[in-house]
There are 2 protein chains.
Amino acid sequence: MRVAGLISGTSLDGIDVAIVDVGSSIVPVAWSSVPYPSDVRDAILSVSDAIAHIGTVARLNNLLGELFAQALIQTCQHSGVQMDSIKLIGSHGQTIYHQGKLQSFCGFQIASTVQIGESSIIAERTGIPTVSDFRQGDMAAGGQGAPLVPFLDYFLFCDAELTRIALNLGGIANITVIPPNATLQDVIAFDTGPSNMVLDGLTQAVGLPYDKGGCEARQGCVDEVLLKKLLADRYYEMPGPKSTGREQYGKKFMDCFSKLSLRDGLATATELTAQTVVEAINRYPGKKDVIASGGGVHNTYLMERISCKLGMPVKTSADWGIPIDAKEAIAFAYLAWCCIEHRPSNVEGATGARKSVVLGKLTDPFSRCH
Amino acid sequence: MRVAGLISGTSLDGIDVAIVDVGSSIVPVAWSSVPYPSDVRDAILSVSDAIAHIGTVARLNNLLGELFAQALIQTCQHSGVQMDSIKLIGSHGQTIYHQGKLQSFCGFQIASTVQIGESSIIAERTGIPTVSDFRQGDMAAGGQGAPLVPFLDYFLFCDAELTRIALNLGGIANITVIPPNATLQDVIAFDTGPSNMVLDGLTQAVGLPYDKGGCEARQGCVDEVLLKKLLADRYYEMPGPKSTGREQYGKKFMDCFSKLSLRDGLATATELTAQTVVEAINRYPGKKDVIASGGGVHNTYLMERISCKLGMPVKTSADWGIPIDAKEAIAFAYLAWCCIEHRPSNVEGATGARKSVVLGKLTDPFSRCH
């Protein structure tokens, strides 16, 4: 079955689209990334973990539905894939709030998450049934709702002899640990800490979209005092499952870098990412592959720092035929397929859920009775 | 198939639950209304058409999921209906924002709506697949997303010889006009204006939950000047499809009543409802039944004013076996059943949609592969 996956990550770069054929294996057919217009990006930032009028959130939800649909249509046009060959869409949407931990609220203990990008609009504009809202099901089952990509990592990378560690360098960095010959129950995954979100935040504060290849970071000096202070966050030593997000790395966090030059700030933030990633990986001994994906793989300096601290080369998902920029979008295509197949797709060792559940909500507005 | 319907209306009274057997007819099995705790009601009001932190909205979404699930479980316990006899839930949720008209937003024309009450939590707590978010599909197809109950009205009331007018007196009053021998395409429906929302707003401002039976209103005098001013709102003369909501009858609207005594305010608001309802009904000539439902039916004075102005008695849905307080909840049970049967269920003459679509999103977290 041909399935499209759509996601925009916490970096707010834009909409990642992947079209895959799902069966006994997953074969990428086309993929692309469609940047957000700057006014849309600003609008998303204005409501993310913020105070806003509910009407603005509502309009943004529907606007992103339009843009997600357009991104898929555009990807088909550019790649020559026929829209009507796609039978299903899995849309993660855009997270504007995520709190995986329980909080007291009106006498209940509540965790919560909000992804916007209206599935009814995506389905209507594309003519394709759309699965969305994947995180809620896991949270209803007691999980933190993230990360969800480990289910794909297990499918793609599980090996008879090696521990496989899938490392995603997105806005947030996370790892999936797949022991040799693992069952799904053996898989562990968690967010290790910030990655591109902080690096991009530093460059964007001076008007640059990002530090291409990590060139600026490479020329900076690490502020060891600040690094030590940042590493003292108890999040990093907490055992998984655990998840983090824009809430933790917002304005207050970014203010820590305000006294450093751009280069020194980037060098320090790069070191924070590399060190927290490597410390997390080193908890798992034995022979292993580290398989990176996500936009951070393009950051040569960050990849070097991780390899250097690990003492071994880092592979990428492209070595397994999965484009490094498309793995997350592919994951939501795969999760959508699991939804309509009624297959549970949360990884309890990743989210902390009490049980395995089928994730997603199916929006299928197309009549089958006339 | 046994299906439960759940809704909380704009009056914020609480959660209406209905359990029905759906087949060639709809047979009510049990129904009840479960009031919101006052802190929950306050929390909903604080985010409705208002500025709020997205985290509060997110927590409230999940909290209402818990409460909707509890309301169904409690209804089963009190009525003796076995939970596991219920195969499907249709949950409308709680509207906290609705703007059926298109608005410019980042270069797009966007209508939008938000219903909260997380379906993943309802499904998980009850063990029953849950259809939710019914309005979005209609809006994606160009409709105003409301009203949706006319689809049930057509199924229940369509007659070979009489025009049937289903009148719902909820927070907002609306009518469904079903000409003799109508096809679904002949059905027209629209919100006529405010009803209990304004009446309850007036009593609640002085600490009374509502004006039982309209006793206070009956003792008041209509302020004809204010009534004339309120009736001048061009909404009332607009042709349908049209919909309205809390946005239009918020604080600014309520301030119009500030100089009147409670009784005179209630009398004037009752007259506003009666007059706008009757003017809407009188647009449709010929022999007809007016079939009322909703909490406003308990307001004897309001019903009298409507009958008096109509010049004929008003019947109620109870005459057709449908409890007056349960019709809306029954509608969402029926719409959920239509969703999983892949039957379109919007009424184009009610919402203004360009086409008929299957409404709702299916949350079905239960594995069928192990």
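Visitor: Into which domains is chain A divided?

Guide: Domain bounds come from an automatic or database domain assignment. Here, chain A has domain 1 (2-146 + 328-363) and domain 2 (150-313). Their centres, taken over C-alpha atoms, are 23 Å apart. This is a predicted model, in which local features need pLDDT of at least 70, side-chain atom pairs count only at pLDDT 80 or more, and totals for chains, interfaces and linings use all residues. Residues are numbered from 1 along each chain as its sequence is written, with chains lettered from A and ligands numbered from 1 in the order in which they are written.

Visitor: How many residues of domain 1 of chain A are in contact with domain 2 of chain A?

Guide: Two residues are in contact if their C-beta atoms, placed from the backbone, lie within 7 Å. By that rule, 24 residues of domain 1 of chain A meet 25 residues of domain 2 of chain A. On the domain 1 side, helix 12 (327-340) of chain A is one of the elements giving two or more residues, and helix 12 of chain A gives the most, with five residues. Helices are DSSP runs (H or I, at least four residues), numbered from the N terminus.

Visitor: Is A:A280 buried or exposed?

Guide: A residue is buried if 20 or more other C-beta atoms lie within 10 Å of its own, exposed if 12 or fewer, and partly exposed in between, with C-beta atoms placed from the backbone. A:A280 is buried because 22 other C-beta atoms lie within 10 Å. A:A280 sits in helix 10 (residues 262-281) of chain A and touches A:I175 and A:T192, leaving aside residues up to four places away in sequence.
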